[in-house]
Amino acid sequence: MKIALISCVKTKIKTNKLIKANQLYNSDLFKKSLKYCLKNYDKTYILSAKYGLLETNEMVFYYEKTLNKMSKNDKEKWYKKVTTQLKKKINKNDIIYYHCGNNYRKGLIDKLKNTYYIPLEGISFGNQLKFYKEQLNNQIKLL
């Protein structure tokens, strides 16, 4: 199977109620990358700084947390947690596609033995957004 991993984003819907993970994150880049990944991969998961690995429809609470501000030790704990969560959901033959920043993927790549790709590595956020928009527009035209 082809597995996509996308990261959470800072922009979230502020609510004190449970909300689906795919609705909590509110940036244009997140929305477009999620839509793209759901159409192009067998399974898509969200990497959350607070919760670890999330199913797209998993119910969560609003939070303020980012890997960018975590200590090296806390990041290592997060990588181990997510690795454990992922190993319960995927197998060694699955291919992982990282649609997330280096901060979210670097500790996972070392711990997982799966074949992987980083489709948008080194591409700026603006150009990533442009890529997703173009791909989604092309897919709509083909239907």
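The model is predicted, so local features need pLDDT of at least 70 and side-chain atom pairs count only at pLDDT 80 or more, while totals for chains, interfaces and linings use all residues. Residues are numbered from 1 along each chain as its sequence is written, and side-chain values use heavy atoms, with hydrogens and water left out.

Helices (H or I, at least four residues) and strands (E, at least two) are DSSP runs, numbered from the N terminus. Helix 3 consists of 16 residues, 72–87, and at 1.5 Å a residue should span 22 Å; the distance between its end C-alpha atoms is 22 Å, which agrees. The expected span of a helix is 1.5 Å times one less than its number of residues. Lys75, Trp78, Tyr79, Val82, Thr83 and Leu86 are the buried residues of helix 3. They lie on the same side of helix 3, because the arc they cover around the axis is only 135°. That arc is taken over the directions from the helix axis to the C-beta atoms. Buried stands for under 20% relative accessible area, exposed for over 50%, and partly exposed for values in between (1.4 Å probe, protein chains only). On the face turned away from the buried side, helix 3 carries the exposed residues Lys77 and Lys87.

What do the buried residues of helix 3 pack against? Their partners are strand 1 (2–7), strand 3 (43–48), strand 4 (52–55) and helix 4 (102–111), with contact defined as heavy atoms within 4.5 Å.

Two packed helices are described by the angle between their axes and the distance between the axes. For helix 3 and helix 4, the axes come within 9 Å and cross at roughly 60°. Axes are lines fitted to C-alpha atoms, for helices over the stretch in contact, and angles run from 0 to 180 degrees between N-to-C directions. Helix 3 and helix 4 are therefore oblique to each other; angles under 35 degrees count as roughly parallel, over 145 as roughly antiparallel, 65 to 115 as roughly perpendicular and the rest as oblique. Helix 3 contributes Lys75, Glu76, Trp78, Tyr79, Lys80, Val82, Thr83 and Lys87 to the contact, and helix 4 contributes Asn103, Tyr104, Lys106, Gly107, Leu108 and Lys111.

Helix 2 has 13 residues, and its first and last C-alpha atoms are 18 Å apart, close to the 18 Å expected at 1.5 Å a residue. Its buried residues are Leu29, Phe30, Ser33, Leu34, Tyr36 and Cys37. These sit on the same side of helix 2, since they cover an arc of only 165° around the axis.

Ser27 is in the loop between helix 1 (21–24) and helix 2 (28–40). Its relative accessibility is 16%, so Ser27 counts as buried. Not counting residues up to four places away in sequence, Ser27 touches Val9 and Thr11.

Leu24 belongs to helix 1 and, at 0% relative accessibility, counts as buried. Among its contacts beyond four places in sequence are Thr11, Ile19, Val60 and Phe61.

Ala4 is in strand 1 and counts as buried at 0% relative accessibility. Ala4 and Tyr97 are 93 residues apart along the chain, yet their C-alpha atoms are separated by 4.7 Å. Leaving aside neighbours within four places in sequence, Ala4 is in contact with Cys37, Tyr41, Lys43, Thr44, Tyr45 and Tyr97.

Ile96 is in strand 6 (residues 95–99) and, at 1% relative accessibility, counts as buried. Its contacts beyond four places in sequence include Ile3, Leu5, Ile90 and Leu112.
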